[in-house]
Amino acid sequence: MGAVVAIDALLQPQRVWRGRPAAAPAGAQPTGHAGLDAVLPSGGWPEAALSELLIPADGVGELQLLWPTLARLSQAGERIVLVAPPYLPFAPAWRQAGVDLGRLQVVRAGTSRDALWATEQCLRSGSCGAVLCWPLGADDRALRRLQVAAASGRTLAFATRSLAVAIHPSPAALRIAIDAAPAQWRVLKCRGGAVPAQPIPRTG
Amino acid sequence: MRWACILLPHLALDGVLRRCADPHAPRALVGGSSQRRMLHAVNPAARALGLRRGMVLTAAQALARGFATDAYRPEEEGRWHRFLAAWAYGYSSQVSLQLPQALVLEIQGSLGLFGPWPRFEARLREELAALGFRHRIVAAPNPVAARVLANAHDGLAIEGDAPMRRALGQLPIQRAGFAPDAATAFARMGLRTLRQVWALPRDGLARRFPRELLLHLDAMLGERELALESYRPPDRFDLRIELGHEAESSQALLFPLRRLTADLAAFLAGRDGGVQRFELQLEHDRGAGTRVPVGLLTPERDAALLFELARGRLEQVQLPAPVRAIALGAAELPPFVPVHRELFDPRPQQAMPWESLRERLRARLGEDAVHGVQAHADHRPECASLSPPDMPTRREGVSTDVAHGPRPGWLLAKPVPLRGPMPRLLAGPERIESGWWDGGDVRRDYYLARLADGQDAWVFRPVGGGGFMLHGWFA
């Protein structure tokens with residue numbers, strides 16, 4: 001045990017290959033927030049996968065996180081579907097954010113089961129650019145179904161849930177918790193890379 | 001090879017069998033007068049029991065038991081004949097129903113589109129098999145020859161006059177399509193094949209047989225054109241299936257429903273049309289029938305899609321009584337315009353177009369479950385955002401935005417009183433006062449407020465006093 005080498009000293013000269021290329025390829029689905037793109041392994045949203053947004057309460061900014069992406073997709077002609085949103089999307093604000101309202105569709109669903117079914121159908125169809133849902137009582141199995149549907153339809157899926165479920169594991173490829181005060185995003189899980197230790201201050 | 005004849009030897013029986021869940025169970029069609037019921041047709045399983053066509057029903061029942069019977073209805077047979085003509089109309093503009101139990105269609109003009117005859121024929125056979133009709137197909141230079149050759153052959157394709165004469169010449173007299181007494185007379189004269197009939201002197205034939213016989217011989221050889229009446233497809237679709245038992249649940253109706261929608265799709269494909277609105281009618285023993293209207297946003301004709309939509313509607317129906325029969329009627333058959341698809345679609349192959357997805361969602365969640373979002377130039381927040389039922393994909397026109405303060409992404413359907421401690425007001429007040437002319441009078445001061453746990457809310461206070469009301473979230 002004579003030679004104790006600090007691991008930092010080994011890594012510093014970059015003589016050990018760490019299995020990840022130094023420069024990550026530019027993401028195909030940037031979030032539109034430079035700070036967030038820089039820390040996410042794919043340089044943006046994980047493609048064809050479920051991303052989970054965890055919010056402590058209504059009105060803390062899940063739309064501000066999503067709007068740049070939705071604006072980019074809708075202007076590229078992709079369809080955006082909101083399945084059973086908790087409130088009415090207010091057209092002037094969405095348009096101000098740059099979302100092409102002609103590409104926005106809302107699906108009303110009576111029960112949470114219907115909402116999950118509709119979300120899965122939309123994801124699986126492959127005819128939508130992004131599908132947003134608010135699975136309230138969704139269990140692990142339901143989320144896994146959504147994840148598989150998103151993969152088979154190659155569609156971006158966003159599930160907004162309560163921060164209280166952050167302690168449970170989730171099959172989502174990316175989990176971001178949104179904090180109100182201080183205004184920041186915390187990446188809880190990201191597939192294909194290390195979870196960034198520092199929270200990202202909110203922009204925009 | 002200008003004409004094809006599709007002979008349907010078991011038309012009436014196939015029409016009955018195709019609506020049975022198990023077509024391999026023994027089954028017979030019974031016709032004749034009520035005093036003397038006779039078997040009109042039997043399926044292979046019934047034949048294996050020893051039943052034959054023309055047998056008296058009581059004799060058949062003495063011979064075998066455990067076979068199902070259906071009444072033979074000539075008008076049913078005619079309906080299936082017309083249905084198949086509508087199907088064949090998709091392959092040729094000249095389809096004739098004039099010859100009994102057979103469809104005659106002109107194929108020369110269709111070969112360019114549907115490929116050489118073997119491929120075309122294979123396609124016809126495949127679709128007929130899927131529709132559940134046994135058939136024999138023969139192609140020949142003229143319609144009468146095709147029909148006559150179909151009596152003895154299946155899959156024969158003849159091109160040119162000489163091979164046609166050769167094939168016809170070998171045909172037995174009994175199968176040459178003569179009237180029965182003429183055929184008997186020929187047989188008694190010692191003639192066996194058609195060639196021997198041709199060898200007879202023509203004036204002798206004209207003297208001894210009715211005029212139709214010579215006309216038939218001439219038409220068969222193409223020396224005289226037979227004027228065939230062309231089929232014209234009707235402008236509406238109606239089909240009714242009697243179940244033969246009482247269906248208590250909508251689950252039991254799915255099999256006949258699949259047949260109905262598949263037939264509708266075949267009919268529409270033949271007509272090159274689509275259907276936008278059709279109606280299922282469920283008939284009960286007593287009382288009025290249940291009507292299930294199925295509406296679509298755009299004309300469609302895909303069999304699987306139509307079935308799924310009809311099923312979605314049917315499953316929501318509460319059946320007041322057991323169902324005896326199910327009928328499908330479609331009166332509006334607008335032209336079908338396929339949706340435009342990209343050649344290089346970035347999405348996977350099994351992708352479902354949005355139109356189909358929307359119909360599927362509407363079928364299960366309700367007629368108005370899917371809607372768009374549209375901005376409307378109105379100061380009142382309740383009126384500034386509309387939900388049009390069907391959003392035509394249009395570009396955003398001139399911005400109707402008026403200069404105003406911050407607007408939230410989420411709007412509450414109805415303002416609710418704001419509970420909790422006094423919020424911190426970040427922006428405002430913004431006075432919105434409008435709508436006195438249409439009864440929806442609004443006089444409010446709006447604020448952007450930060451609540452205790454960091455939420456950004458859009459709140460207002462009615463002018464003239466009152467507490468804060470929550471109207472939206474800046475999410």
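Chain B is divided into domain 1 (3-25 + 67-221), domain 2 (237-332) and domain 3 (405-473), with bounds that come from an automatic or database domain assignment. The C-alpha centres of domain 1 and domain 3 of chain B lie 80 Å apart. This is a predicted model, in which local features need pLDDT of at least 70 and side-chain atom pairs count only at pLDDT 80 or more, while totals for chains, interfaces and linings use all residues. Residues are numbered from 1 along each chain as its sequence is written, chains are lettered from A and ligands numbered from 1 in the order in which they are written, and side-chain values use heavy atoms, with hydrogens and water left out.

**Four-stranded sheet of chain B**

- An open sheet of four strands has the order β9-β12-β10-β11 in chain B, with antiparallel pairing; strands here are DSSP runs (E, at least two residues), as helices are (H or I, at least four residues), numbered from the N terminus.
- Two strands count as paired if DSSP finds at least two bridges between them.
- Strands of a sheet pair through backbone hydrogen bonds, either parallel or antiparallel.
- The edges are formed by β9 (237-247) and β11 (290-300) of chain B, each of which pairs on one side only.
- On average, neighbouring strands of this sheet are turned by 15° against each other, direction ignored; axes are lines fitted to C-alpha atoms, for helices over the stretch in contact, and angles run from 0 to 180 degrees between N-to-C directions.
- Seven bridges connect β10 (residues 275-284) and β12 (residues 323-332) of chain B in the antiparallel sense, and B:His284 has B:Val323 in β12(B) as its bridge partner.
- β10(B) and β11(B) also run antiparallel and are joined by seven bridges; B:Val275 stands opposite B:Glu300 in β11(B).
- The hairpin formed by β10(B) and β11(B) has five residues between the strands, and B:Gly287 in the turn has a positive phi of about 80°.

**Helices on the sheet**

- Strand β10(B) and strand β12(B) pair antiparallel over seven bridges, and helix α13 (residues 254-271) of chain B packs on the sheet, touching β9, β10, β11 and β12 of chain B. The direction of α13 makes about 170° with that of β9(B). Contact means heavy atoms within 4.5 Å.
- Helix α14 (residues 303-315) of chain B packs on the sheet as well, touching β10 and β11 of chain B, and its direction makes about 140° with that of β11(B).

**B:Arg313**

- B:Arg313 lies in helix α14 of chain B.
- With a relative accessible area of 8%, B:Arg313 is buried (buried means under 20% relative accessible area, exposed over 50%, partly exposed in between, with a 1.4 Å probe and protein chains only).
- The side chains of B:Arg313 and B:Glu367 are joined by a polar contact of 2.9 Å. A polar contact is a pair of N or O atoms within 3.5 Å; within protein, one must be able to donate a hydrogen and the other to accept it, and residues adjacent in sequence count only if both atoms are side-chain atoms.
- Not counting residues up to four places away in sequence, B:Arg313 touches residues including B:Val292, B:Pro293, B:Val294 and B:Gly295, as well as B:Arg362, B:Ala363 and B:Glu367.

**Strand β18 of chain B and its partners**

- Strand β18 (residues 442-450) of chain B has seven of its nine residues buried, so it is largely enclosed by the rest of the structure.
- Strand β17 (residues 424-434) of chain B pairs with β18(B) in the antiparallel sense over eight bridges; the bridge partner of B:Glu433 in β18(B) is B:Arg443.
- β18(B) pairs with strand β19 (residues 456-462) of chain B, also antiparallel, over seven bridges. B:Leu448 has B:Trp458 in β19(B) as its bridge partner.
- β18(B) and β19(B) form a hairpin with five residues between them, and B:Gly454 in the turn has a positive phi of about 85°.

**Chain A**

- Chain A contains six helices and nine strands, and 53% of its 204 residues count as buried.
- Of the contacts in chain A with a separation of 6 or more, 66% are between residues 24 or more positions apart.
- Chain A exposes about 9300 Å², and carbon and sulfur atoms supply 57% of that area; accessible areas come from the Shrake-Rupley method with a 1.4 Å probe, and for residues only the protein chains shown count as cover.
- A:Ala84 has a positive phi near 50° although it is a residue other than glycine. A:Ala84 is in the loop between β2 (80-83) and β3 (88-89) of chain A, and counts as partly exposed at 23% relative accessibility.
- A:Arg154, a residue other than glycine, has a positive phi near 50°. A:Arg154 sits in the loop between α6 (140-153) and β6 (156-162) of chain A, and counts as partly exposed at 45% relative accessibility.
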